[in-house]
Amino acid sequence: MAENKKRVSIGLTDKQYELVEKLAKEKGFSKSAIFVLALEEYSRKESEQKISENSFPSRIRVPTNACSVKVIITNGKRKARYFTFLLYPESIPQDWQTKLEALGVPIAISPLHDKDLSSVEGQKYKKAHYHVIYISKNPVTAESVRLKIKRALGDKSVAKVQIVVQSMENMYLYLTHESKDAIAKNKHKYSKRDITLLNNFDIDRYITLDVEDKDDMLNDVCDLIDDHNLANMRELRRFVKLHGVEYGLPSMKL
């Protein structure tokens, strides 16, 4: 009887995700197989440094510039918990904040951005808008969030929802144009006092999680090994040979 499949959550930047897709296509493997192969290579290098083959390192160090936002890849669809989108005053109902609060998830709303300089000739400012940060309870797709917002605020309320791929701290600072990027571009600075927080949104909490995610990035891959009590590379190879197809891992070889 086949064992239940388990998913592994790994934080990736857009560039890292594109690299995984590229390698998977070049090697003819699934994305899951690419991570297992990377783990095998890591273990090989550890062995060269005289670390016993009969144990896996309990913790893998990740560079401090690793991605700080988790993105789960399920059946080719990207899922996450942190999202951002724009809202325009003329496209939302008067009680839009109440309707957003009724969704029951943490949300941060920027001050009204009505002094963003426009690059369009003859137009001084861009169309006034709000930046919104949305924290989902569970990993979901950007499209599912978009549909949820449209049901709450109307069909014309939101055109596009994006996964937050930068740090949450930087995204939050951008609400008032206090992020490094906004400062470098000399964008108009808005007041922090005008940020609206719904449903106990606490940026300190998300910043803390982001730092932890950096350390846990590759440890999530090791969870697959722990879930099946695989003690070493030989057991991992044997597991893939017997059950690899069930987990999208047809081979351990390049």
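Modeller: One term before the pairs: a residue counts as partly exposed when its relative accessible area lies between the buried limit, under 20%, and the exposed limit, over 50%. Keep in mind that this is a predicted model.

Biologist: Fine. How many salt bridges does a search of the whole structure find?

Modeller: The search finds 6 salt bridges.

Biologist: Take lysine 99. Which side chain does it meet in a salt bridge?

Modeller: Lysine 99 pairs with aspartate 95, at 3.7 Å from N to O. That counts as a salt bridge because the cut-off is 4 Å.

Biologist: And where does lysine 99 fall on accessibility?

Modeller: Lysine 99 has 32% relative accessibility, so it is partly exposed.

Biologist: Switching to glutamate 90. What does it form a salt bridge with?

Modeller: Lysine 127, with the closest N and O atoms 2.9 Å apart. This pair links distant parts of the chain, 37 residues apart.

Biologist: Is glutamate 90 buried or exposed?

Modeller: Exposed, because its relative accessible area is 52% and the exposed class starts over 50%.

Biologist: What about lysine 185? Which residue does it meet?

Modeller: Aspartate 181, in a salt bridge of 3.6 Å, N to O. Lysine 185 is exposed at 53%, whereas aspartate 181 is partly exposed at 38%.

Note on methods. Residues are numbered from 1 along each chain as its sequence is written. This is a predicted model: local features need pLDDT of at least 70, side-chain atom pairs count only at pLDDT 80 or more; totals for chains, interfaces and linings use all residues. Side-chain values use heavy atoms; hydrogens and water are left out. Helices (H or I, at least four residues) and strands (E, at least two) are DSSP runs, numbered from the N terminus. Buried means under 20% relative accessible area, exposed over 50%, partly exposed in between (1.4 Å probe, protein chains only).
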